[in-house]
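I open this notebook to record what I looked up in one structure. The entries are brief and follow the order of my reading.

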Amino acid sequence: MLFRPIGKTGMSASIVGLGAEHLDNRPYEVAEEVIDAALEHGINIIDCFMPGKPVRENISRALKGRRDQVLIQGHIGSVDLREQYDRTRDVDICRRYFEDMIRIFKTDYIDLGMMFFIDTEDDYKGVFETDYITYVLKLKEEGKIRAIGASSHNPKMAARLVETGVVELLMFSTNPAFDMLTYDADIGEAMAGRYDKDSFDGIDPDRAYLYRLCESKGVAITTMKTLGAGKLLSPEFSPFAKPLTVAQCIHYALTRPAVVSTLIGCETREQVAEAVNYLNLTDDERDYSSIIGTAKGTMSGQCVYCNHCLPCPVEIDIAHTIRMLDTASLDPDNIPERILDQYRANSYRASDCTECGSCEEKCPFGVQVIAKMHSAAAMFE
Ligand code: SF4
Ligand code: SF4
């Protein structure tokens, strides 16, 4: 494994890290398999944005006294009130979830305390113009977090966060497709042919600026959505003429300035091994330039299953529903029984959607959720 220093924090992260979202709502054995494999391969950073107690307990149990071998990237304000993934800046609630996280992980501190999901002006005000920021600064002062981080999908906002001087680490959605989009790009807008491996000329200027800014300020980046929720690996969904490999996606992210670790969501030992195998490949095998140069569209409007659109007033698990829809859409006449069983097991139905639109306002990727719910209802009901 190779390690990179996390900016000025004094900590170093493995260049391939673990995103734990695929351990959510899964049995303990899945967490054990993935965490064991990650540690065996030298991974030393785990992101845990999920607020649920069961997944945190599973990760803690799987670490089996090895908590000191990993850096935990924990999020402040990620909550599951009313049993739905949500975010809050309410300090009392943040404190309750944070203290719970420390207790569950059987630790005194979280290494990387992330100010959760700051994409909009309202998010910014909710963090920096309330007692939320005072709380976060106090956590650092008391040693309950070793460094202050923030997560964002919006390059302009992320740059603003970096400019505050408070943020030591940024978790940012980085992959070649996103980089070739402007944040507010129209759905379907393509930037084919703009990519140039040796410069940022082909990349959205706001993103290019962000990477450079982080590098110049000594603010490290850990990446999320590195594989575009797997869509960059798929001939069906990739915006490029050919799908990328896991290694090419990792290499792309690791070749952005300031990026120190790619957090790859894994649910099996084999997926961990495939991600870490990046280290064994040649430069030619990692090279993504010939594929990126053939962009045929954008990722805008494609769901990456992040659940940032919750809560839904009728409690639809939007990400899971779209994921089932995407899977079923590959061959609508032969929908796997496993998918149908999953859909039937839900307590909600896509047809319950009231078209309130709150999910579409919150989705960072411009997904037309209501249309997806109609399609899911037609597909599964
Ligand atoms: S539009 Fe439908 S899916 Fe979206 S939040 Fe409203 S009810 Fe839920
Ligand atoms: S609709 Fe948007 S916010 Fe919701 S899971 Fe998909 S990408 Fe994430």
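Predicted model: local features only at pLDDT ≥ 70, side-chain atom pairs only at ≥ 80, totals over all residues.

The entries below go from the domains to single helices, a strand, the ligand and a few backbone details.

Entry: I looked up the domain assignment, which gives domain 1 as residues 3-292 and domain 2 as residues 318-380. Taken over C-alpha atoms, the centres of domain 1 and domain 2 are separated by 25 Å.

**Entry: helix α5.** I asked which residues of helix α5 are buried. In this helix, which spans residues 131-141, they are Y132, V136 and L139. Viewed down the axis of α5, the buried residues fall within an arc of 55°, so they line one face of the helix. On the face turned away from that buried side I found the exposed residues T134 and E141. I then listed what covers the buried residues of α5: the cover includes β5 (71-76), α3 (91-104), β8 (110-115), α4 (121-128) and β9 (145-152). Just after α5, G143 has a positive phi of about 80°.

**Entry: C94.** I turned to C94, which lies in helix α3. C94 counts as buried because it has 24 C-beta neighbours inside 10 Å, and 20 or more are required. Leaving aside residues up to four places away in sequence, C94 touches I76, G77, T88, Y132 and Y135. C94 and Y132 are 38 residues apart along the chain, and their C-alpha atoms are separated by 8.4 Å.

**Entry: helix α10.** I repeated the search for α10, residues 269-276, and found V272, A275 and V276 buried. Seen down the axis of α10, these buried residues fall within an arc of 95°, so they line one face of the helix. Their cover includes β3 (16-19), α1 (28-40), α9 (246-254) and β12 (259-265).

**Entry: strand β10.** I checked how many residues of strand β10, residues 169-173, are buried. The count is 5 of its 5 residues. Both faces of β10 are covered, with L169, M171 and S173 on one side and L170 and F172 on the other. I recorded that β9 and β10 run parallel and are joined by 4 bridges. Opposite M171 in β10 stands S151.

**Entry: ligand 1.** I looked up the surroundings of ligand 1 and found 15 residues, the closest being C312, C353, T354, C356 and C359. Helices α15 (358-362) and α16 (369-380) each supply at least two residues of this shell. The largest share, 3 residues, comes from α16. By type, the shell around ligand 1 divides into 11 nonpolar, 3 polar and 1 charged residues.

**Entry: backbone details.** I noted a cis peptide bond between L310 and P311, with omega about 5°. P311 is found in the loop between α12 (289-292) and α13 (318-329).

I also looked up positive phi values in residues other than glycine. Phi of F117 is near 55°, and F117 lies in the loop between β8 and α4. Phi of E355 is near 60°, and E355 lies in the loop between α14 (337-345) and α15.

Are F117 and E355 buried or exposed? F117 counts as buried because it has 22 C-beta neighbours inside 10 Å. E355 counts as exposed because it has 11 such neighbours inside 10 Å, and the limit for exposed residues is 12 or fewer.

Key:
Residues numbered from 1 in each chain as written. Chains lettered and ligands numbered in written order. Arc of directions from axis to C-beta. Contact = placed C-beta atoms within 7 Å. Domains from an automatic or database assignment. Near = placed C-beta within 6 Å. Nonpolar A, V, L, I, M, F, W, Y, C, P; charged D, E, K, R; others polar. Pairing = 2+ DSSP bridges.
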